[in-house]
Amino acid sequence: MNEVARLTPATASTREWWRGAVIYQIYPRSFADSNGDGIGDLPGITAHLDHVASLGVDGIWLSPFFTSPMLDFGYDVADYCGVDPIFGTLADFDALIAKAHALGLKVLIDQVYSHSSDRHPWFLESRADRTNPRADWYVWADAKADGSPPNNWQSVFGGPAWTWDARRGQYYMHNFLGAQPQLHVHNPLVQDALLATAKFWLDRGVDGFRIDAINFAMHDPALTDNPPAPGGKRTRPFDFQQHLHNQSQPEIPLFLERVRSLADRYGATFTVAEVGGAHPEAEMHSFTAGDRRLNSAYGFNFLYADKLTPALVHDALAQWPQEPGTGWPSWAFENHDAPRAISRWVGPEHRAAFARLKLLLLMSLRGNLFLYQGEELGLTQVDIPFEALKDPEAISNWPLTLSRDGARTPMPWRGNPNDHAGFSTATPWLPIGQDHLDLAVDRQNGDPASLLNLTRRLIAFRHASDALMTGDVTMLAVTDSVLAFERRAGAETLLCAFNLAAEPVDWAPAEPAGWRTVESVGAVEGWRLGGFAGLIAQAM
């Protein structure tokens, strides 16, 4: 039942490199420390790119490494064209690019267009007075007659989305921290400046961008109050509103056309939008419609889900029909902003089996895939005590918001408790998960049955299949525990079936004799799927 597949990808030489690709996300602070300060850096990444390449992924996505006061750990940018000294230098970045490209890896970097740091020179000039050349580069507004903020908008991290600035005698807007003032992206001069920073990195050899929180990039200039949200889970003031006016404005796609036009001038680049919110699909479709906007987009369908169910997967895939003009999706089960999926979705007794099933399912999805560092090892969420928290959102909303720090802990390269798991010679900026030592790279490398080696095998399997890389998807079964669908491209048809429950289940397609299993995880006997087991079968 585990016969090695022999599939020939007919379109490998003609499809865009990114379509169906697997991208490995690196969180620089926590990947590898080269200089012994307890914080990961660019040379540390470069030194470990062989591990990434060994997975067979198509490229890497680097979370921010730009100059920053690090109040939001790099998403508060003080210099869009600089490398923060804790991460290294521009020469270190150039060396990283060269090594990645030598290994056949594309390099994507974050772009943060909705806001900057309040220490950015643009903001320092903008706040000086109301007449300077950059006075309109950020979102400023007068107080109401009683001195209160201009409207009722709330920030994601808690409290009003407005901070008073005595220099200008006005409020400035911020969707996130008060130290992250909102750029006025409606302003063509701001757009020009942002595109110039993108060009700077394209000239240095990057292969594309992951664009952070792009649906927050523009606001309603009339500053209309947001209406209240219907009842539901609420952990922050932000959750009490429908976000109709502080984000998601219709002019955003026109700016993205400018981003795409610039990227296209550099050849085979890839642009992907992060789009948050309760119902982001309309925006994701708008941001990726046609061939003049972004190549792809991803939301938080899986990243914040409390449970992985067949219905969740069905509903997510159904939002991206195979129709002309519809964009191409990207998917992630884990990233730096969400708790580790293996801790969210199953109890400790099922984690080993579930990690394998989760990986097989991810590799079967139609779209691009993001694999977060350590996901190939089966890393769990680390419980960070309040006194050790670094995440500003978790600190502001403790204990109702689960800390992002627990998914940002250092990568365990060696299962040695005496050398900080090979991450650093100094005490790491966040504690290493104690159960992570047993999952370390050196312990899994030599074990043919390890999750790490399964990751390598399944990524290679995906790349060998046109059906998995670019094919259509047709749902066959969506029950309480069983998810089954076909992937098809040309003459190649694959059937993917998964049992997302702990109890065994029997399920078979309409013509069960017409298939041979070419890949599986867990206990699979014919069409009987054990708990957290799955298979991929090829049409005979």
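A salt bridge here is a side-chain nitrogen of Lys or Arg within 4 Å of a carboxyl oxygen of Asp or Glu. With that in hand, here are my notes.

This is a predicted model, in which local features need pLDDT of at least 70 and side-chain atom pairs count only at pLDDT 80 or more, while totals for chains, interfaces and linings use all residues. Residues are numbered from 1 along each chain as its sequence is written, and side-chain values use heavy atoms, with hydrogens and water left out.

1. Start with the pair Glu 334 and Lys 358, whose side chains meet in a salt bridge at 3.5 Å, N to O. Glu 334 sits in the loop between strand E12 (328-332) and helix H9 (341-345), and Lys 358 is in helix H10, so the contact ties together parts 24 residues apart in sequence. (Helices, H or I of at least four residues, and strands, E of at least two, are DSSP runs numbered from the N terminus.) Glu 334 is buried at a relative accessible area of 2%, and Lys 358 is buried at 5%. Buried means under 20% relative accessible area, exposed over 50%, and partly exposed in between, with a 1.4 Å probe and protein chains only.

2. Helix H10 itself covers residues 351-364. Its 14 residues reach 20 Å from first C-alpha to last, close to the 20 Å expected at 1.5 Å a residue; the expected span is 1.5 Å times one less than the number of residues. Ten of the 14 residues are buried, so H10 is largely enclosed by the rest of the structure. Among the buried ones are Phe 354, Leu 357, Lys 358, Leu 361 and Met 363.

3. How many salt bridges are there by this rule? The count comes to 31. One of them joins Arg 293 and Glu 257 at 3.0 Å, N to O. That pair links distant parts of the chain, with Arg 293 in the loop between helix H7 (281-288) and strand E11 (296-298) and Glu 257 in helix H6 (residues 252-264), 36 residues apart. Both Arg 293 and Glu 257 are buried.

4. Arg 408 belongs to the loop between H11 and H12, and Asp 337 to the loop between E12 and H9, 71 residues apart. Both are buried. Arg 408 and Asp 337 are also part of a network of salt bridges that links Asp 72, Arg 236, Asp 239, Asp 391, Glu 393 and Arg 404 with them.

5. Strand E1 (residues 22-26) is mostly covered, with five of its five residues buried. Val 22, Tyr 24 and Ile 26 are on one side and Ile 23 and Gln 25 on the other, all buried, so both faces are covered. E1 pairs in the parallel sense with strand E13 (residues 368-372) over four bridges, and Ile 23 stands opposite Phe 370 there. E1 also pairs in the parallel sense with strand E2 (residues 59-62) over four bridges, where Gln 25 faces Trp 61. Pairing requires that DSSP find at least two bridges between the strands.

6. There is also an open sheet of three strands, ordered E6-E8-E7 with antiparallel pairing. Strands E6 (140-141) and E7 (162-165) stand at the edges, each with a single partner strand, so one side of each has no neighbour in the sheet. E7 and strand E8 (residues 170-173) are joined over four antiparallel bridges, and Gln 170 in E8 is the bridge partner of Asp 165.

7. Which residues make the nonpolar surface patch of about 290 Å²? Phe 386, Ile 395 and Trp 398 do. Patches use residues with over 30% relative accessible area and no salt bridge, joining like charges within 9 Å and nonpolar side chains (Val, Leu, Ile, Met, Phe, Trp, Tyr) within 5 Å. Areas come from the Shrake-Rupley method with a 1.4 Å probe, and for residues only the protein chains shown count as cover. Trp 398 lies in the loop between helix H11 (392-396) and helix H12 (441-445) and is partly exposed at 42%.

8. On cysteines, a search of the whole structure finds zero disulfides, a disulfide being a pair of cysteine sulfur atoms within 2.5 Å. Cys 81 is partly exposed at 24% relative accessibility, whereas Cys 496 is buried at 0%.

9. Two backbone spots to check by eye. Met 70 has a positive phi of about 65° although it is not a glycine; Met 70 is in the loop between strand E3 (66-67) and strand E4 (79-83) and is buried at 13%. Leu 223 has a positive phi near 55°, in the loop between strand E9 (208-212) and H6. Most residues other than glycine have a negative phi.
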